[in-house]
Amino acid sequence: MFRLLRASCLAALLSLAVFVAAPGPALATFVLPPLPYPADALAPAIEPTTMTIHHDRHHGAYVANLNARIADHPELEGMALEDLQGQISRYPAAVRNNGGGHYNHSLFWQVMAPTGQGGAPSAELGAAITAAFGSPEALQQRFARAAADRFGSGWAWLIRRPDGSLAITSTANQDNPLMDLPGIERGVPLLGLDVWEHAYYLDYQNRRPDYIAAWWSLVNWNEVNRRFAAGGGPTSASES
């Protein structure tokens, strides 16, 4: 009887030791959003293998790496992703790169839609496009040039400036126009195109201009219209 009681006590103590020694849950504030459509929905412009790798591995890595920085910067826990962009200069490169990558990709999935489902620019957005660029065709040409001319990895953007006017700009790596960094034209992104090679290489190899041309058929103007009508306000891309 005594041996049985002693064995029970030892088992209980071992269980308690394992419980105490077990690591607590990792800090996690930022979440990988699901794609708003099936991975094959944007084919043939973007094939499903590219979409799956891009979303699950690349975007997923940005989210995981950003969450890993919370231990060193506890104020990140609970911070809105869009708010982080506006104060990114306070943080080291790991937060800048991964926080920007998370924001940029979250927006990127939203501003695309299967061919034929993206709608068209609203009358209000169309008027703003004409005022800024002369015509929708001129917008596409200037945007495509910004995307093609971005050396190395980066993004092309259609933004709404603080004064309400539209502009086309580009940023390197995972920077974006919300960031408080020198050399970046500030504004709220309405439309963004990823021109990192991982976004298109499986489908287009080194033919970035072909990728850019095909991408225009995927633009989700309904989302761009919504962002423009809201003054360029946050979408799900700004959620944690």
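Trainee: Which residues of helix α5 (residues 123-133) are called buried in this predicted model?

Mentor: The buried residues of α5 are L125, A128, I129 and F133, and the word is used because a residue counts as buried when its relative accessible area is under 20%.

Trainee: What makes these residues line one face of the helix?

Mentor: When one looks down the axis of α5, the buried residues fall within an arc of 100°, and therefore they line one face. An α-helix has 3.6 residues a turn, so residues three or four places apart point the same way.

Trainee: Which residues does the face turned away from the buried side carry, and what covers the buried residues of α5?

Mentor: The face turned away carries A123, E124 and A131, which are exposed, a word kept for a relative accessible area over 50%. Among the elements that cover the buried residues of α5 are α6 (136-149), β1 (154-160), β2 (166-172) and α9 (221-229). Just after the helix, G134 takes a positive phi of about 100°.

Trainee: Why is helix α4 (residues 93-110) described as largely enclosed?

Mentor: Of the 18 residues of α4, 13 are buried, so the rest of the structure largely encloses this helix.

Trainee: How do you know what span to expect for α4, and what do its end C-alpha atoms show?

Mentor: At 1.5 Å a residue, the 18 residues of α4 should span 26 Å, because the expected span is 1.5 Å times one less than the number of residues; the end C-alpha atoms of α4 are 26 Å apart, which agrees with that expectation.

Trainee: Why is the contact between R96 and D175 called a salt bridge?

Mentor: The side chains of R96 and D175 meet at 2.6 Å, N to O, and the name applies because the cut-off for a side-chain nitrogen of Lys or Arg and a carboxyl oxygen of Asp or Glu is 4 Å. The pair links distant parts of the chain, 79 residues apart, with R96 in helix α4 and D175 in the loop between β2 and β3 (188-194). With a relative accessible area of 29%, R96 is partly exposed, whereas D175, at 8% relative accessibility, counts as buried.

Trainee: How many salt bridges does a search of the whole structure find, and what makes the pair of E185 and R161 one that ties parts of the chain together?

Mentor: The search finds 4 salt bridges. E185 forms one with R161, the closest N and O atoms being 2.8 Å apart; because E185 lies in the loop between β2 and β3 and R161 in the loop between β1 and β2, the pair ties together parts that are 24 residues apart in sequence. E185 counts as partly exposed at 31% relative accessibility, and R161 counts as partly exposed at 32%. Another of the salt bridges joins R207 and D210, with the closest N and O atoms 3.0 Å apart; R207 is partly exposed at 35% relative accessibility, and D210 is partly exposed with a relative accessible area of 39%.

Trainee: What makes the peptide bond between A43 and P44 cis, and where is P44 placed?

Mentor: The bond joining A43 and P44 has an omega of about 5°, and it is a cis peptide bond; P44 has its place in the loop between α1 (2-21) and α2 (48-68). Most residues other than glycine have a negative phi, and most peptide bonds are trans.

Trainee: What phi values do N173 and Q205 take?

Mentor: N173, which is not a glycine, has a positive phi near 55° and is found in the loop between β2 and β3, where its relative accessible area of 39% makes it partly exposed. Q205 is likewise not a glycine and has a positive phi of about 50°; Q205 is found in the loop between α7 (201-204) and α8 (208-215) and counts as partly exposed at 32% relative accessibility.

Trainee: Which members of the largest nonpolar core touch the most other members?

Mentor: Y211 and W215 do, in a core of 62 residues. Leaving aside residues up to four places away in sequence, W215 touches F108, M112, F143, L191, G192 and L193.

Trainee: How do you know how confident the predictor is, and where does pLDDT fall under 50?

Mentor: The average pLDDT of the protein is 88, and 85% of the residues score at least 70.

Note on methods. Residues are numbered from 1 along each chain as its sequence is written. This is a predicted model: local features need pLDDT of at least 70, side-chain atom pairs count only at pLDDT 80 or more; totals for chains, interfaces and linings use all residues. Side-chain values use heavy atoms; hydrogens and water are left out. A nonpolar core is a set of buried Ala, Val, Leu, Ile, Met, Phe, Trp, Tyr and Cys residues joined through side-chain atoms within 4.5 Å. Buried means under 20% relative accessible area, exposed over 50%, partly exposed in between (1.4 Å probe, protein chains only). Contact means heavy atoms within 4.5 Å. pLDDT is the predictor's confidence in each residue, from 0 to 100. Helices (H or I, at least four residues) and strands (E, at least two) are DSSP runs, numbered from the N terminus. The arc is that of the directions from the helix axis to the C-beta atoms.
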